[in-house]
Amino acid sequence: MKSVNFEFLRPVNGLLANLAGLAEGVLHVDPGSALTRLRSFAEELTKTIYSEERLPRLPQSTFYDLVKSPVFTACASSSLVHQINFLRIQGNETAHGGEGDVRTARSALKTAHELAKYMAVKYYGLVHSDLPAFVEVKDPTTALNALQKSVASYEKDLAQQQAELQRVLEQ
């Protein structure tokens, strides 16, 4: 799925681009699902850092274990760990029954974008100034509502025209 904000990652890490794109796709329709997908994005990003930095890890490590590991916190800034934890915690809440809300999901999407830019510069050799700024994801329901109102208006006009035509035919 093509994303609004993460296409710059696709050539170098399609999985991260897909996870973030899926989160964008459901942001306004199901913000809880968007948060859960962003949690998956953060987990894959963490595993990628482990791989890129050649950090040791146990095969059965949980996402929490990976983020809290001293080997990870020694190589990652506290800001990076904080951003990853934000996505992890928000996604865990929705994965275990929480509904989530658009405001939180939008904030999480912005955080994921910052993490994606970090990965692009640090590990994939992209230049920060070449990376796109975050663009708000449009709410498709707004366009749908406008379209439905437009269709309703056309249907009303058509009904009036048909009634007028029927009146003329009867005369």
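Reader: Which residues of H6 are called buried?

Author: They are Thr104, Ala105, Ala108, Leu109, Thr111, Ala112, His113, Leu115, Ala116, Lys117, Met119 and Ala120. The term buried applies under 20% relative accessible area, exposed over 50%, and partly exposed in between, with a 1.4 Å probe and protein chains only. The model is predicted, so local features need pLDDT of at least 70 and side-chain atom pairs pLDDT 80 or more, whereas totals for chains, interfaces and linings use all residues. Residues are numbered from 1 along each chain as its sequence is written, and side-chain values use heavy atoms, without hydrogens and water.

Reader: What covers the buried residues of H6?

Author: The cover includes H1, H2 and H5. Helices are DSSP runs of H or I with at least four residues, strands are runs of E with at least two, and both are numbered from the N terminus. On that basis the protein chain has 7 helices and 0 strands, in the order α-α-α-α-α-α-α along the sequence. Of its 171 residues, 36% are buried.

Reader: What makes the span of H6 close to the expected one?

Author: H6 has 21 residues and reaches 30 Å from its first C-alpha to its last, against 30 Å expected. The expected span is 1.5 Å times one less than the number of residues. H2, with 23 residues, reaches 32 Å and is likewise close to its expected value, 33 Å.

Reader: Which residues make the contact between H2 and H6?

Author: From H2 the contact includes Pro31, Leu38, Phe41, Thr48 and Glu53, and from H6 it includes Val102, Ala108, Leu115, Met119 and Lys122. Contact means heavy atoms within 4.5 Å. By class, the residues divide into 16 nonpolar, 2 polar and 2 charged. Ala, Val, Leu, Ile, Met, Phe, Trp, Tyr, Cys and Pro count as nonpolar, Asp, Glu, Lys and Arg as charged, and the others, Gly among them, as polar.

Reader: What makes H1 roughly antiparallel to H2?

Author: Helix H1 (residues 14–26) and helix H2 (residues 31–53) pack at about 165 degrees, with their axes 8 Å apart. That angle makes H1 roughly antiparallel to H2. The residues in contact include Leu15, Leu19 and Val26 of H1, with Pro31, Arg37, Phe41 and Glu44 of H2. This contact has 12 nonpolar, 2 polar and 2 charged residues.

Reader: Why is threonine 48 called buried?

Author: Its relative accessible area is 15%, which places threonine 48 in the buried class. Threonine 48 lies in helix H2 and is in contact with Asn13, Met119 and Tyr124, leaving aside neighbours within four places in sequence.

Reader: What makes phenylalanine 86 partly exposed?

Author: The relative accessible area of phenylalanine 86 is 23%, and the residue is therefore partly exposed. Phenylalanine 86 belongs to helix H5 (residues 78–95). Residues up to four places away in sequence not counted, phenylalanine 86 touches Ser107, Ala108 and Thr111. Its C-alpha atom is separated by 9.9 Å from that of serine 107, 21 residues apart along the chain.

Reader: Why does asparagine 18 count as partly exposed?

Author: Asparagine 18 has 29% relative accessibility and therefore counts as partly exposed. This residue of helix H1 touches Met1 and Arg10, not counting residues up to four places away in sequence.

Reader: How do you know whether arginine 54 is buried or exposed?

Author: Its relative accessible area is 73%, so arginine 54 is exposed. Arginine 54 is found in the loop between H2 and helix H3 (63–68).

Reader: What is the phi of arginine 54?

Author: Arginine 54 has a positive phi of about 55 degrees although it is not a glycine. Most residues other than glycine have a negative phi.

Technical notes. Axes are lines fitted to C-alpha atoms, for helices over the stretch in contact, and angles run from 0 to 180 degrees between N-to-C directions. Angles under 35 degrees count as roughly parallel, over 145 as roughly antiparallel, 65 to 115 as roughly perpendicular and the rest as oblique.
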